[in-house]
Amino acid sequence: MTGLFYALLSLGGFALLAGVVLAIAQQVFHVEGDPMVDKVDNLLPQTQCGQCGYPGCKPYATAVAALEAEVNHCVPGGERTMLAIADLMGVEPKAVEQEAAAPMLAFVREDECIGCTLCIKACPVDAIIGAPKQYHTILADHCTGCELCVEPCPVDCIDMLVKPELIEHWSWPLPKTRRSQLGHERREHHAGHA
Amino acid sequence: MPAMLRNLAQRLGMMAHSFDGGIHPAQHKISAALASEPCPLSPIHILPMKMHIGAPCTSLVAVGDYVLRGQKIAKSEGYVSVPVHAPTSGRVVRIEEYAIPHPSGMGIPSIFIESDGDDAADDSIEPISDWRGMDPALLRERARMCGLAGLGGAVFPTFIKLVQDSRFPIETVVLNGIECEPWLTNDHRLMVEYADEILTGLAIIMHMVKTDSAIIAIEDNKPDAAKAIQLALDARDDLDDVRVVVLPTRYPQGSEKQLIYSLTGREVPAGKLPMHVGVLCQNVGTTRALYQAVVLGQPLTERMVSVSGDAMPRPANLRVRIGTPMRYVFARQGLEDFDGVRILHGGPMMGELLRHPDVPVVKSTNGMLAMREASFMSAHTQEQACIRCGHCSEACPAGLVPNLLADQCRSDQFDKAESYNLFDCIECGACSYVCPSNIPLVHYFRYGKGQIAQQRREKGFAEASRVRSEARDMRIEQEKQARAARRSSVRKTHPPKVEAESAPASEPAESSKMEQESKD
Amino acid sequence: MLVMLSSPHAHGGDSIRTMMLTVILALMPAAAVSVYLFGWLAVLLIVVCMLACLATEAICLKLMGKSLTTLLDNSAALTGLLLALTLPALTPWWMAVVGSVFAIVLGKQVYGGLGYNIFNPALSARVILLISFPLQMTTWLAPMSLAVPPVNLYDLSTCLTLFFAGPDALQLGLDAISMASPLGHVKTEWTLGVPVAEALSGYQYSYLDAFLGKEAGSIGETSVLALLLGGIFLMARHSITWHIPFSYLATVALLAALFSSISPDQFAPPMFHLFAGGLMLCAFFMATDPVSSPVTPIGQIVFGVGCGILTWSIRSFGGYPEGAMFSVLLMNCAVPLIDHYFRPRVYGHESGRE
């Protein structure tokens, strides 16, 4: 009889203790709101290009967080972004349909520009400056290469150029040793199959 | 001796401080006894727009301009930057991109000067003989305008370090004459041949940072340099509180942080500078250049270069004009056929492998080594699996665990690598040197650091784009509201007129664009 | 295009091959003593184990489509030698082969080969053998120099018969040629209620004999002197550091000293622990196996202390008389954790970890 009593007492006591700890933990680690949209948005490259079918990065992030959109629609983000989002959302990664191209930059051929301001209105990050009837210029430092300005231009004076590679931004590639290449191939293989 | 016992002994004051780890690579200082000689003027000089750590310069000259030796030909843009000077007199023949000594093999805009052989100097910079009576701020400006950057190899603009900050007073100036890289002997020769100029440079530094105390650190493999400096020191009547300290040879003793610890027992906290522990560290070459800039009024247009290596017919220590093509220097020392020869810019431990000799000598060129293919490749044999022997950990002067870090970098676990202090790696190469599996550890670290930097850049760009995009959305929203408000007010006063709204509505957008422009 | 090579462009010249060869050389004194004690049987065991390990490694490499040059790194040969030295002299040939196959396949290659194994290959094979064949693995042949056994181990044909056909072929009872190891004897006596000192005097235990190796045990583990020589050679050649052996042995000695002074009847004295069983072999050659031990000096000390506590505990309270092998294997599991938590202090930081 006393054995049963001790068993009940210890189990009950343990349950109580666990309950108290959980209650405290809930208070301490309380999370406000749904940060998922911001977290997804943080992973996106913010080109605002709309290639995902949504009007910008934030709307796409909202759709992904609400499980309305797949994780693989961000073209400029490429595979790395897809994997990061899939990891964050805890869903299966999906192959990226379109290869991410080299980073591009829009460039206005100024002598052909008629100053119509249409591209200015199209630019999602306000990276084009100019006034009506004056040449427009694209701020290379702010251009995300989204190509949204190319379409509206009535005289086709905007070119997409490959972003020049700066020596300061050059970084070492992986060593070309067999061991490092094998490991790299294995990772690619896993990522592709996942 | 076991590291722990050594640490204990150092703490108890029983033993001099000495940095952790380190290795004893074969010295190969075959050019140590060769007196320096001037390298003849090359017919062409190539001056890259950036030879220092920091922002690149912009050219002040045009093709066809005639320039004098020491004339400023490119001005610095930004604070962390120093100008470029013409190394000799002649005509600017081209301004275009040209390869610089860089592992990528990439080039940057460079000014080509065809020398006229006169070597006529621009004497617009006045020599300062009475520097003791001068305001340190003016001397600092002199260091900047003469293009001084750390000649030990890091080429950090010198004037930035030569600052008096009342919060961090400099107690001791450390003069770095360690030169721990194998093969290199340029600092060695400078100390033997120009001891007095170096000491005057040191005196100028001490005057600038207002301290009487300095340590001149030399490794014990250069007794003649230590003797020359000591003799010159004894002959002077100033510099009473300056000591010559001879340290046992160990790589990487010449690394600033390690040297400061060995000499003073102080550690420079991570992310801080030597001045935060009251120390200023200068290389002997830079110190002599400061002497030349101040006392002689000469901008930095020449430096000492060790030309050596096991494939070098005539090793030498040359005083080379900056901008001289390396191929020209090699040819003068008898090396013209580069078949089966690998060229290194700098020493073997930290220097860069160059793809070809068609790059100019720059401010960071402390050595040019020509190595035989076979001896060079023996250091780059096939990488094998890590057997976790821990030799890398023992050799690491920064206290890192290189084998774990390399695994993390190799598998792109960059967050983890950062938490294992990847950025405290000084890339000295001691770990790779001792690795029995021939793992290119430093290469992995460079890869990891590069990837992290790129991710940060992308993150920063994305963040900026988001801010701009949100600002734009907000502006459009405000315009819409303003339009709606106006429409309702218009409707109240003139109910029928509505079609004229779209044209003026775009005006606020334009004006805000213009504001944006003026801000940019 | 030129392959991009990062500095340093100089190398010290160390290689896996020479490191492994150094360890093999360091084991030579112990191997010599084993031949002196157990004659041709020791030679046969060592040769069979090394050949079996090399052959297994070759087959594995072939099957995985890897280059056979890896065989030349001496690691398989070392594993074979280490395994042989931990086996009793009466181990039949097939058991030695099975052990070698275990060591290479399950101890090393299933993890991806040298460098990726969690456990020491030789030790894991030894433990698999101990659990699979408990009788054979705890039957100790009396060494030549001690009690003269009824067989001449310096006679090659006798040994060949013993090794390949077993004691039965010579019409020898196991009892006639075997004896208990000191650790086993003390353990058995204690379970019968005999105090340690009495058990040792009944065994005619001598510290000098134990130090020189004249006692029953696995062929390579008996001689403290030979193993110490090898260990000192390794440290002099910078193959291992003092951290693991010292902390391991010191912990065992301290615990033994403490408890034997409290209860001398139950707990054996420190010298006995240090000289007995496979402790010396484990401390200098098994626990220091680079692949399965921590990388950093502090980690190595933690590892050694852990091994010491486990060894002493298993010997004093466990079912097995000897605990050195188990303790090293158990601590092998903890190595990734130790590596993570006991990193050196990074220059300019307050502690190794952020």
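Colleague: How much area is buried between chain C and chain B, and what share of that do carbon and sulfur atoms give?

Modeller: This is a predicted model. In it, the area buried between chain C and chain B is about 4400 Å². Carbon and sulfur atoms give 59% of that area.

Colleague: Which three residues of chain C supply more of that area than any other three?

Modeller: They are C:His9, C:His11 and C:Tyr347. Together they supply 19% of the area that chain C buries against chain B.

Colleague: And how many residues does each chain put into the contact?

Modeller: Chain B brings 57 residues and chain C brings 42.

Colleague: How many salt bridges and polar contacts are there across it?

Modeller: There are two salt bridges between chain C and chain B. Polar contact is found for 28 residue pairs across that interface, counting pairs with both residues at pLDDT 80 or more. A salt bridge joins the side chains of B:Arg388 and C:Asp339, with an N to O distance of 2.9 Å.

Colleague: Which helices of chain C each supply at least two residues to the side that touches chain B?

Modeller: Those are α1 (16-26), α16 (297-317) and α18 (335-341) of chain C. By residue type, the side of chain C that touches chain B has 21 nonpolar, 16 polar and five charged residues.

Colleague: Let us turn to chain B itself. How many helices and strands does it have?

Modeller: Chain B has 16 helices and 17 strands. Its C-alpha atoms fill a box of roughly 100 × 60 × 55 Å along the principal axes. Chain B has 520 residues, and 57% of them count as buried.

Colleague: What share of the contacts in chain B joins residues at least 24 apart?

Modeller: That share is 72%, among contacts between residues at least 6 apart in sequence.

Colleague: What is the strand order in the open sheet of four strands?

Modeller: The order is β2-β8-β7-β4 in chain B, and the pairing is antiparallel. The edges are held by β2 (44-48) and β4 (66-67), each with a single partner strand, so one side of each has no neighbour in the sheet.

Colleague: How many bridges join β4(B) to β7?

Modeller: Two bridges join β4(B) to β7 (residues 90-99), and these strands run antiparallel. B:Val67 has B:Gly90 in β7(B) as its bridge partner.

Colleague: Is strand β10 of chain B mostly covered or mostly uncovered?

Modeller: Strand β10 (residues 213-219) is mostly covered, with seven of its seven residues buried. On one side these are B:Ser213, B:Ile215, B:Ala217 and B:Glu219, and on the other B:Ala214, B:Ile216 and B:Ile218.

Colleague: Which strands are joined to it by bridges?

Modeller: Strand β9 (residues 172-177) is joined to β10(B) by six bridges, and the two run parallel. There, B:Asn176 stands opposite B:Ala217. Six bridges also join β10(B) to strand β11 (residues 242-247), again running parallel. In β11(B), B:Val246 is the bridge partner of B:Ile218.

Colleague: Which residues are buried in helix α2 of chain B, and what do they pack against?

Modeller: In α2 (residues 136-145), the buried residues are B:Pro136, B:Leu139, B:Arg140, B:Arg142, B:Ala143 and B:Arg144. The buried residues of α2(B) pack against β5 (72-76), α3 (158-161), α5 (195-209) and α8 (284-295) of chain B. Just after the helix, B:Gly147 has a positive phi of about 75 degrees.

Colleague: What about B:Asp407 and A:Arg179?

Modeller: Their side chains meet in a salt bridge at 3.9 Å, N to O. B:Asp407 is in helix α12 (residues 402-410) of chain B and A:Arg179 is in helix α6 (residues 178-193) of chain A, so this pair joins two chains. B:Asp407 is partly exposed at 31% relative accessibility, whereas A:Arg179 is buried at 11%.

Note on methods: Residues are numbered from 1 along each chain as its sequence is written. Chains are lettered from A and ligands numbered from 1 in the order in which they are written. This is a predicted model: local features need pLDDT of at least 70, side-chain atom pairs count only at pLDDT 80 or more; totals for chains, interfaces and linings use all residues. Side-chain values use heavy atoms; hydrogens and water are left out. Contact means heavy atoms within 4.5 Å. Buried area is the accessible area (1.4 Å probe) that two parts lose on being put together, summed over both. A salt bridge is a side-chain nitrogen of Lys or Arg within 4 Å of a carboxyl oxygen of Asp or Glu. A polar contact is a pair of N or O atoms within 3.5 Å; within protein, one must be able to donate a hydrogen and the other to accept it, and residues adjacent in sequence count only if both atoms are side-chain atoms. Ala, Val, Leu, Ile, Met, Phe, Trp, Tyr, Cys and Pro count as nonpolar, Asp, Glu, Lys and Arg as charged, and the others, Gly among them, as polar. Two strands pair if DSSP finds at least two bridges between them. Buried means under 20% relative accessible area, exposed over 50%, partly exposed in between (1.4 Å probe, protein chains only).
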